[in-house]
Amino acid sequence: MRYRVIALLCAVLFVFTGVTAMAASNIDKKKQQLNEVNEEIKNTEEQLEEVKQQQNEVAARLQDIEKQLKQKEQELNKLEKELQSTQEELEATRKELERAIEEAEKQEKLMADRIRAIYMNGVPSYLELLLEAKSINEFLDRMSMVQQLIAFDIQVLDQMRQYRDQVDKKRAELEELEQSLTQKKQAARTL
């Protein structure tokens with residue numbers, strides 16, 4: 001009976017050792033599976049974090065593009081307003097140029113008429129006109145008249161010069177505005 005008890009104990013011990021070894025083996029497998037699952041979770045979390053980071057970068061780029069687009073729209077609107085203003089200024093300058101040309105032509109015609117009248121009437125020179133006076137009063141009257149004629153002629157010449165200068169100035173302004181307008185149109189195309 002002793003041998004039986006020892007044999008039974010040995011058998012139980014042997015079975016217990018086998019079961020324990022199997023259980024340990026199953027526990028190791030389960031631990032390994034758990035480690036693999038944890039590793040997959042960790043990898044998935046890292047991938048998810050990378051995707052979130054990429055989304056943030058894309059969102060930031062998109063926001064930058066929207067800002068740039070708004071800025072370009074504002075620049076384009078400003079440029080269109082400047083273009084419209086320049087166009088209006090150009091039209092006003094053209095009208096002023098036309099008026100200045102008309103006035104210059106009137107002054108030139110007035111001076112041409114004056115010269116023609118002098119030539120056709122054969123008015124002698126101012127000195128001859130003064131020397132032909134028969135009295136001091138007539139001389140003084142003629143002197144006053146000559147002074148008025150000279151002042152009138154000088155005034156007409158001055159006005160002609162002013163109108164010519166004005167015409168030249170308006171033409172220069174017009175050319176400058178046209179160049180500005182062309183540059184603004186090109187700038188608008190590049191936006």
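The following conversation goes through the predicted model shown above.

User: What is the mean pLDDT of the chain?
Analyst: The mean pLDDT (the predictor's confidence in each residue, from 0 to 100) is 80. Of the residues, 86% reach 70 or more.

User: Which element has the lowest mean pLDDT, and which the highest?
Analyst: Helix 2, residues 126-131, has the lowest mean value among the elements of the chain, at 73. Helix 3 has the highest, at 81. Where pLDDT is low, the predicted coordinates should not be read in detail.

User: How many helices and strands are there?
Analyst: There are three helices and zero strands, and the pattern along the sequence is α-α-α. Both kinds of element are DSSP runs numbered from the N terminus: helices are H or I with at least four residues, and strands are E with at least two.

User: How much of the chain is buried?
Analyst: Of the 191 residues, 13% count as buried. Buried means under 20% relative accessible area, exposed means over 50%, and partly exposed lies in between, with a 1.4 Å probe and protein chains only. The accessible surface of the chain comes to about 16100 Å², and 56% of that belongs to carbon and sulfur atoms. Such areas come from the Shrake-Rupley method with a 1.4 Å probe; for residues, only the protein chains shown count as cover.

User: What share of the contacts joins residues at least 24 apart?
Analyst: Among contacts (heavy atoms within 4.5 Å) between residues at least 6 apart in sequence, the share is 79%.

User: Which residues make up the largest nonpolar core?
Analyst: The core has nine residues: Leu83, Leu90, Leu97, Ala100, Ala104, Val167, Leu174, Leu177 and Leu181. Helix 1 (2-121) and helix 3 (136-190) are the elements that give two or more residues to this core. Helix 1 gives the most, with five residues. A nonpolar core is a set of buried Ala, Val, Leu, Ile, Met, Phe, Trp, Tyr and Cys residues joined through side-chain atoms within 4.5 Å.

User: What does Ala104 touch?
Analyst: Not counting residues up to four places away in sequence, Ala104 touches Tyr163 and Val167.

User: And where is Gln107, and is that residue buried or exposed?
Analyst: Gln107 is found in helix 1 and counts as buried at 10% relative accessibility. Leaving aside neighbours within four places in sequence, Gln107 is in contact with Val156, Gln159, Met160 and Tyr163. Gln107 and Arg161 are 54 residues apart in sequence, and their C-alpha atoms are 9.4 Å apart in space.

User: Changing topic, how many salt bridges does the whole structure have?
Analyst: A search of the whole structure finds four. The criterion is a side-chain nitrogen of Lys or Arg within 4 Å of a carboxyl oxygen of Asp or Glu. One of them joins Glu103 and Lys106, with closest N and O atoms 3.6 Å apart. These two residues both lie in helix 1, three residues apart, about one turn of the helix.

User: Which salt bridge does Asp158 form?
Analyst: Asp158 pairs with Arg161, the closest N and O atoms being 3.0 Å apart. Asp158 and Arg161 are three residues apart in helix 3, so about one helical turn separates them. Asp158 is partly exposed at 33% relative accessibility, and Arg161 is partly exposed at 49%.

User: What about Glu138: which residue is its partner?
Analyst: Glu138 forms a salt bridge with Arg142, with closest N and O atoms 2.9 Å apart. Both lie in helix 3, four residues apart. Glu138 is partly exposed at 24%, whereas Arg142 counts as buried at 19% relative accessibility.

User: What else does Arg142 touch?
Analyst: Not counting residues up to four places away in sequence, Arg142 touches Leu129, Leu130, Glu132 and Ala133.

User: Which residues form a nonpolar patch on the surface?
Analyst: Ile136, Phe139, Leu140 and Met143 do, with about 360 Å² of accessible area together. Ile136 lies in helix 3 and counts as exposed at 61% relative accessibility. Patches are made of residues with over 30% relative accessible area and no salt bridge; like charges are joined within 9 Å, and nonpolar side chains (Val, Leu, Ile, Met, Phe, Trp, Tyr) within 5 Å.

Conventions
Residues numbered from 1 in each chain as written. Heavy atoms only, no water.
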